[in-house]
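Dear colleague,

I am handing over the structure we spoke about, and below it I have set out what was found in it. Please read the notes with the structure open beside them.

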Amino acid sequence: MAGERPTVVVVGAGLAGLACAQRLSAHERPLDLHVLEARDRVGGRCWSSRGWSDGQVAEHGGELIEDSQHHVLGLVAQLGLTLEHRAPTGKRWPRPGRAVIGGADVTDSELAGFPDVTRQLRTDLAATGPVRFDAAGTSLRELDEMSVSDWLDRHVEHGNASPLGLGVATLVSLNLGFDPSELSALSLHHMFVGLSDRGEASLGFSFGHESAPATHEQGTQPGLLDLAAAAVVEVMHVAGGNDLIASRLAELLPGGALRFGEALRSVARRPDGRYLLRTDAGGTHLVAEQLVLALPMPPLRAVDLEGAALSPRRMEAIESLPMGTSNKLILALDRRPSTTPSWPGFAFTDRPPVAVWDSSVGQPGEAGLLTLFSSGDTFGSSGVAHGPAEEEVRRLGTGLLDVLAPGLEGSIGEAWLDLWAEDPWAGGGYAGFAPGQYARFAGFLSQPEGGIHFAGEHTSLSSPGYLDGAVSSGHRTAAEVLTALGLCPS
Ligand SMILES: Cc1cc2nc3c(=O)[nH]c(=O)nc-3n(C[C@H](O)[C@H](O)[C@H](O)COP(=O)(O)OP(=O)(O)OC[C@H]3O[C@@H](n4cnc5c(N)ncnc54)[C@H](O)[C@@H]3O)c2cc1C
């Protein structure tokens, strides 16, 4: 304790932890605030990749900001940052995009059944009621026990063997970073129509929906490729790099509050209700009235929480909530992809699940940057989480481009690989819900226990896995902490 000031510790300086800490530090009542960060930088999975030709910037992690990311967009405006638009908002991207499924281009008519899929997802949700752990009835549990693959087999003609089933499964796999057999069927509802809940403000957030061109045309349902285009192309990026959000937030913290190279190692509740925290930086310890855990589940598993007096359900969630594998191969080009007539705007394929998009669009210069985004072990496992790609991986990327966007192979220069599952402070791309886990954890992960508050994308029910989920969870926990201290959240 520093005098009368209550000690609040935020663990993790990703967007969730920083958004929380900045709100806390802006309160008129000064707090003894500490932000512990294991790495030597802020931002966590919001980390920009610089040093490319023409000063262009790619993203190692969170990149695409949709219209519906209201919390992120609010912060961007508040911090005086500007956005680059990848396509004129609300207008159809001039190139159609490409889906190569089972080795062949999928046609619009093969995907024509997609509106029936979204109708069935809405019908399911009408029967289950709110998707929450404390309201889970039989129909919710039954749906939740199914996997995405099971659901597609049941509700799509020829299921996972059809172009539509495979197209949906591939987008799920790419967007969430898991094999569809590993995910609860409710991941489909979550992704394509949004979940109903009585929790956070930005409900109904779902893949591509607010910007999908068809939603601007009255009475039409967006098609699968419309949604994919909207999620990947009709999006925004912070000029200069998304991680400027993190660095600007960090600059607003009081001097000395942010401590790098301090990994939390244990939390124990003391008899007076405060928490004793130990880090591995020289055996440092802190005593906190209020604690915000804003780190992903895999590194949290490595923290000794035995004495933290957490509930059995919390310990089960920490142990079992899985993290997807989302990887990026960033390729430098000596020209813009759009100067090649065959460039489709964006493209994805199922074997292996890979999507490609232009990360240089909207940025100055003549050169180009492509991002190949994949789930699973497409790019192998080098043991190095982030670094220049080896020649073998670069060749693999070139081969994938040959399938997805032929004509660009000759213009490829340097390559960078991000394998997030190999990053010890992330342990994967972002969290997902395995079969049975919505009924156990939806709406629970955000609930505080004692003086411990939980932030991070995985705690957001409206936009888990997104930058927006991280920011909104940071703002939620700041309000929780201030309320717990008897201070009015401003
Ligand atoms: C490849 C990839 C692509 C993505 N694409 C998009 C996208 O296009 N659009 C989008 O909206 N989102 C995207 N995301 C998701 C988005 O980046 C994340 O949801 C968001 O950045 C998570 O923020 P966070 O604060 O919850 O967690 P993190 O950013 O992981 O922050 C947690 C922090 O805690 C620190 N930490 C961990 N363990 C400890 C410890 N023991 N002690 C102290 N500190 C610790 C970590 O170092 C980290 O800084 C993507 C993510 C990845 C990986």
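Predicted model: local features only at pLDDT ≥ 70, side-chain atom pairs only at ≥ 80, totals over all residues.

Residues are numbered from 1 along each chain as its sequence is written.

**Helices α5 and α6**

The axes of α5 (residues 148-155) and α6 (residues 163-176) come within 10 Å and cross at roughly 160 degrees; helices (H or I, at least four residues) and strands (E, at least two) are DSSP runs, numbered from the N terminus, and axes are lines fitted to C-alpha atoms, for helices over the stretch in contact, with angles from 0 to 180 degrees between N-to-C directions. That angle makes α5 roughly antiparallel to α6, since angles over 145 degrees count as roughly antiparallel, under 35 as roughly parallel, 65 to 115 as roughly perpendicular and the rest as oblique. On the α5 side Val148, Ser149 and Leu152 meet Gly165, Val168, Ala169 and Val172 of α6, where contact requires that the C-beta atoms, placed from the backbone, lie within 7 Å. By class, this contact divides into 5 nonpolar, 2 polar and no charged residues, with Ala, Val, Leu, Ile, Met, Phe, Trp, Tyr, Cys and Pro counted as nonpolar, Asp, Glu, Lys and Arg as charged, and the others, Gly among them, as polar.

**Helix α1 and its partners**

Helix α1 (15-25) packs with α10 (residues 244-251) at an angle of about 30 degrees, their axes being 9 Å apart, and the two are therefore roughly parallel to each other. Their crossing is left-handed, and Leu15, Leu18, Ala19 and Gln22 of α1 meet Ile245, Ala246, Leu249 and Ala250 of α10, a contact with 7 nonpolar, 1 polar and no charged residues.

With α15, α1 packs at about 35 degrees with the axes 7 Å apart, and here the crossing is right-handed. The α1 residues in this contact include Leu15, Leu18 and Arg23, and those of α15 include Leu467, Gly474, His475 and Val481; by class the contact has 11 nonpolar, 5 polar and 1 charged residues.

**The domains**

The domain assignment of the protein chain, whose bounds come from an automatic or database source, gives domain 1 (7-45 + 243-310 + 449-484), domain 2 (48-86 + 237-242 + 325-422) and domain 3 (112-220). The C-alpha centres of domain 2 and domain 3 lie 27 Å apart, and 14 residues of domain 2 are in contact with 11 residues of domain 3. On the domain 2 side, α2 (70-78), β15 (346-350), β16 (353-358) and β17 (368-375) each supply at least two residues, and that side has 4 nonpolar, 7 polar and 3 charged residues.

**Around the ligand**

The ligand is surrounded by 40 residues, of which Gly12, Gly14, Gly44, Gly62 and Pro299 are the closest; a residue is near a molecule if its C-beta atom, placed from the backbone, lies within 6 Å of it. Domain 1 and domain 2 each give at least three residues to this shell, and its largest share, 4 residues, comes from α15. The shell divides into 22 nonpolar, 11 polar and 7 charged residues.

**Two backbone details**

Most residues other than glycine have a negative phi, and most peptide bonds are trans. The peptide bond from Arg351 to Pro352, however, is cis, with omega near -5 degrees, and Pro352 sits in the loop between β15 and β16. Asp54 has a positive phi, near 60 degrees, and lies in the loop between β3 (48-49) and β4 (58-59).

With best wishes

Note on methods
Left-handed = near helix turned anticlockwise from the far one by under 90°. Contact = placed C-beta atoms within 7 Å.
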